[in-house]
Amino acid sequence: MEALSPNMAAKEQVVACAPEQSLLVACLLSMSGGFIDAFAWLSLGGVFANSQTGNVVFVGVYAASGQWFQALHHLPPILAFVAGAWVATTVRAPLLCLAGEIVSLTLVMLLLHRLAEPVAVTGVAFGVALQTASFRQIERWKYLSVTVTGNTLRAIDLLVTNPDREAVRGGKVILTICLMFLLGAAVGELATRLLAARGLIFPIGLLTFALAICGRYCRHRWQT
């Protein structure tokens with residue numbers, strides 16, 4: 001059997017050590033993303049933690065109408081998201097960043113009644129950005145775990161522009177991610193109304209499960 005070249009061996013090691021690119025992990029992260037946006041909107045003063053597009057729209061709308069306090073209310077999560085994405089891109093440690101999001105959500109869940117809303121949403125947005133900037137690929141395709149618009153366009157492009165077998169699979173995978181985000185948002189609405197801050201145990205559990213999957217495969221790879 002022909003020996004593997006160094007480049008091929010390195011590629012195989014990356015694949016074996018990258019369960020964060022699996023459909024299961026992407027589904028867990030997307031469900032968490034939908035839940036967190038629903039929770040933030042309902043519990044943190046109508047502010048998004050994931051959807052910075054929504055926050056930017058509100059800043060523009062309120063600023064144009066002279067409602068400066070309301071406009072400023074949507075700035076902290078935007079700035080926190082930028083900071084978290086910068087840290088994740090600089091550190092390039094996906095598992096560490098995922099653990100960082102778990103810690104931030106746990107602190108908000110335990111301390112929400114003591115924190116001002118801008119502080120709480122800043123912590124959540126920072127943690128979300130750590131994870132989002134670290135997990136951006138599912139199998140061969142790019143995606144984001146905190147949005148539907150971009151993912152939907154990517155799925156349509158795969159299904160319409162290049163309708164071969166691989167592209168169709170990619171489109172279905174990306175659409176699955178969108179459905180998981182929707183499911184997470186629906187569960188987030190129910191859990192937030194019933195459990196308030198304690199409902200965050202749901203996305204914390206999803207993220208912890210994803211971290212365990214990634215960590216187990218990486219440990220197994222290093223041992224072999």
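**Exercise 1.** State the volume of the largest pocket and describe its lining.

*Solution.* The largest pocket of this predicted model has a volume of about 280 Å³, where a pocket is an open set of points on a 1 Å grid over the protein atoms alone, where a 1.4 Å probe fits, with protein on both sides within 12 Å along at least five of seven lines, and lining residues have an atom within 4 Å of a point. Of its 15 lining residues, Pro 94, Ala 133, Ser 134, Phe 135 and Arg 136 are the closest to the centre. Two or more residues of the lining come from each of α5 (75–91) and α7 (117–134), helices being DSSP runs of H or I with at least four residues. By class, the lining holds seven nonpolar, four polar and four charged residues.

Residues are numbered from 1 along each chain as its sequence is written. Local features need pLDDT of at least 70, side-chain atom pairs count only at pLDDT 80 or more, totals for linings use all residues, and side-chain values use heavy atoms, without hydrogens and water.

**Exercise 2.** Describe the second largest pocket by volume, lining and residue class.

*Solution.* The volume is about 240 Å³. Among the 13 residues that line this second largest pocket, Asn 50, Ser 51, Thr 53, Val 146 and Thr 147 lie nearest its centre. The lining divides into five nonpolar, seven polar and one charged residues.

Terms used
Grid points are joined across faces, edges and corners, and a volume is the space filled by probe spheres set on the points. Ala, Val, Leu, Ile, Met, Phe, Trp, Tyr, Cys and Pro count as nonpolar, Asp, Glu, Lys and Arg as charged, and the others, Gly among them, as polar.
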